[in-house]
Amino acid sequence: MANLKELRSRITSVSSTMQITSAMKMVSAAKLSRAQDAITQMRPYSEKLTQLLQDLSATLDDDTSSKYAEDREVKNVLVVAISSNKGLAGAFNTNIVKGVRYKAKNDYESKNLSLYTLGKKANDVLKKDFEVYKNNNEIYDELTFENVSEIAEELMQLFLDEKYDKIVLVYNQFKNAATQVVQHEQFLPIEQFDTEEEKQLDYLFEPSKIEIVKELIPKSLKMQLFKALRDSFASEHGARMTAMHKATDNAKELRDDLKLSYNKARQASITNEILEIVGGAEALNG
């Protein structure tokens with residue numbers, strides 16, 4: 001059994017760690033609240049924009065389909081891996097790495113696969129096994145629609161230039177503070193909408209349906225990427241809050257066990273001292 005000095009040192013160390021994890025939990029909880037509000041308010045707009053685009057696209061002829069919907073032979077694939085710049089978030093970043101490796105092995109094993117990484121953690125791991133076309137860690141410094149739009153425009157241009165035949169997003173979708181689900185979402189080419197059912201639209205179009213769709217598609221793609229990043233941002237803080245909560249509980253349990261061991265060792269030491277005193281007194285009396 002460790003001596004009293006070692007136990008006291010370990011108790012102090014664990015208590016300090018518990019204070020740090022508890023503080024990190026509260027910081028993540030505050031950031032999660034803002035991030036959750038942002039993604040919750042954004043989803044209705046994104047869903048309505050997608051629905052409107054589906055309704056309009058369903059009424060257009062095939063020959064008016066967008067250049068972003070060109071379905072060509074897939075030879076070169078770009079996977080956009082969205083992670084975080086910081087760790088201590090449980091399996092948040094690990095799940096992205098696993099998700100990318102799963103897609104590479106099961107879906108694109110015979111393709112030329114490259115990565116566009118958003119976030120430092122996934123890039124640090126995946127660059128050892130895959131070609132990284134580009135890494136952007138600064139996007140989280142100011143996560144705005146304008147900054148994300150620049151990345152989306154770059155991705156769209158890569159597709160139009162036929163550098164890549166398919167672009168896929170891999171990110172954590174926010175469900176709640178304890179649950180994040182890895183999503184594999186096709187970014188380009190845009191998936192064709194179901195046109196089997198005739199759409200009855202009571203809309204007035206100005207200037208025309210075709211021009212409106214051409215305007216909506218780039219905006220919809222930018223919104224899709226922005227929503228993915230917002231989902232990932234909220235998921236990161238939820239995962240970190242949960243991880244720090246568990247770490248705090250584990251530290252408290254370890255501290256309590258150490259205190260119990262310390263009290264037992266202290267009691268044993270006191271008992272030995274009493275026995276030595278009693279033994280010495282008996283020897284003097286004898």
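Start with the pairing of E1 and E4: 5 bridges join these strands, and the two run parallel. (Strands, E, are DSSP runs of at least two residues and helices, H or I, of at least four, numbered from the N terminus; two strands pair if DSSP finds at least two bridges between them.) This is a predicted model, where local features need pLDDT of at least 70, side-chain atom pairs count only at pLDDT 80 or more, and totals for chains, interfaces and linings use all residues. Residues are numbered from 1 along each chain as its sequence is written, and side-chain values use heavy atoms, leaving out hydrogens and water.

**The sheet**
- The open sheet has 5 strands in the order E3-E2-E1-E4-E5, with mixed pairing.
- At the edges sit strand E3 (131–136) and E5, each pairing on one side only.
- Val79 stands opposite Val168 in E4.

**Around Ile167**
- Ile167 lies in strand E4 (residues 166–176), and it counts as buried because its relative accessibility is 0% (buried is under 20% relative accessible area, exposed over 50%, partly exposed in between, with a 1.4 Å probe and protein chains only).
- Leaving aside residues up to four places away in sequence, Ile167 touches Leu78, Val80, Leu155, Phe159, Gln186, Phe187 and Leu188 (contact means heavy atoms within 4.5 Å).
- Val80 is 87 residues from Ile167 in sequence, yet their C-alpha atoms are 7.3 Å apart.

**The core**
- Ile167 and Leu155 are among the residues with the most contacts inside the largest nonpolar core, which has 36 residues (a set of buried Ala, Val, Leu, Ile, Met, Phe, Trp, Tyr and Cys joined through side-chain atoms within 4.5 Å).
- Helix H5 gives this core the most, with 9 residues.
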